[in-house]
Amino acid sequence: MVNFLTDFMPWVWVGILAASIILEAVTMGLVSIWAAIASVPLIFLARTSMPLKWQILIFIFLTTALAVFTRSFVVKFLKSGKQGKENINSLDGQTVLCISSIDEFKFGEVKTKNGVVWTAKSEDGNSIPADSICIVSRVEGNTLVVKIKN
């Protein structure tokens, strides 16, 4: 039985590699990708006469080391460039259309260029009639603060 296991140990590591990749694809949490990477050299080490306990220890060490020392860099790399035009602050300075009037004590509604309707209030407290072209000054929560475009 031991000879059978040692003869097919490279295939066990290939199986661990495949299972780790599938698990990572399902979860996308950067959890099992380290085990997948660590299993690659073990496929080749298993073809030597290295005892199974050393293979397992090397696998655990590599997985832990990769997770501890490279995870933060990979997370930063994957998150870079994610905030673009979908960022809510990109609405600042955008031209919008007032679709319901805005008064000093009553919020109105404006429509952005992409067709999204937002609650809006006047920046200076003046009334803004419907069908006016306005400019977004800032965003306060889910309300756009606008002023009439000159």
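Colleague: Which residue in β5 is the bridge partner of V136?

Modeller: V136 has V146 as its bridge partner in β5. The model is predicted: local features need pLDDT of at least 70, and side-chain atom pairs count only at pLDDT 80 or more, while totals for chains, interfaces and linings use all residues. Residues are numbered from 1 along each chain as its sequence is written, and side-chain values use heavy atoms, with hydrogens and water left out.

Colleague: What makes β4 and β5 a pair of strands?

Modeller: Two strands pair if DSSP finds at least two bridges between them. Strand β4 (residues 133-140) and strand β5 (residues 143-148) have six bridges in the antiparallel sense, and therefore meet the criterion. Strands here are DSSP runs (E, at least two residues), and helices likewise (H or I, at least four), numbered from the N terminus. In the hairpin of β4 and β5, two residues lie between the strands, and G141 takes a positive phi near 70°.

Colleague: How do you know that β1 pairs with β4 and with β2?

Modeller: Strand β1 (residues 95-100) is joined to β4 by three bridges, and three bridges also join β1 to strand β2 (residues 108-111). Both pairings are antiparallel. T95 stands opposite I135 in β4, and L97 opposite K111 in β2. The five strands form a closed barrel in the order β1-β2-β3-β5-β4, with mixed pairing.

Colleague: Why is T112 called buried?

Modeller: T112 has a relative accessible area of 5%. Buried means under 20%, exposed over 50% and partly exposed in between (1.4 Å probe, protein chains only), so T112 is classed as buried. T112 lies in the loop between β2 and β3 (117-122). Leaving aside residues up to four places away in sequence, T112 touches L91, Q94, V96, W118 and L144, where contact means heavy atoms within 4.5 Å.

Colleague: Why are the rings of W13 and F59 called a tilted pair?

Modeller: Rings of Phe, Tyr and Trp (its six-membered ring) pair if their centres lie within 6.5 Å; planes under 30 degrees apart count as stacked, over 60 as edge-to-face and the rest as tilted. The structure holds one aromatic pair: the ring centres of W13 and F59 are 5.0 Å apart and the planes stand at 45°, so the pair is tilted.

Colleague: What makes this a link between distant parts of the chain?

Modeller: W13 belongs to helix α2 (residues 9-27) and F59 to helix α4 (residues 52-79), and the two are 46 residues apart. Both W13 and F59 are buried.
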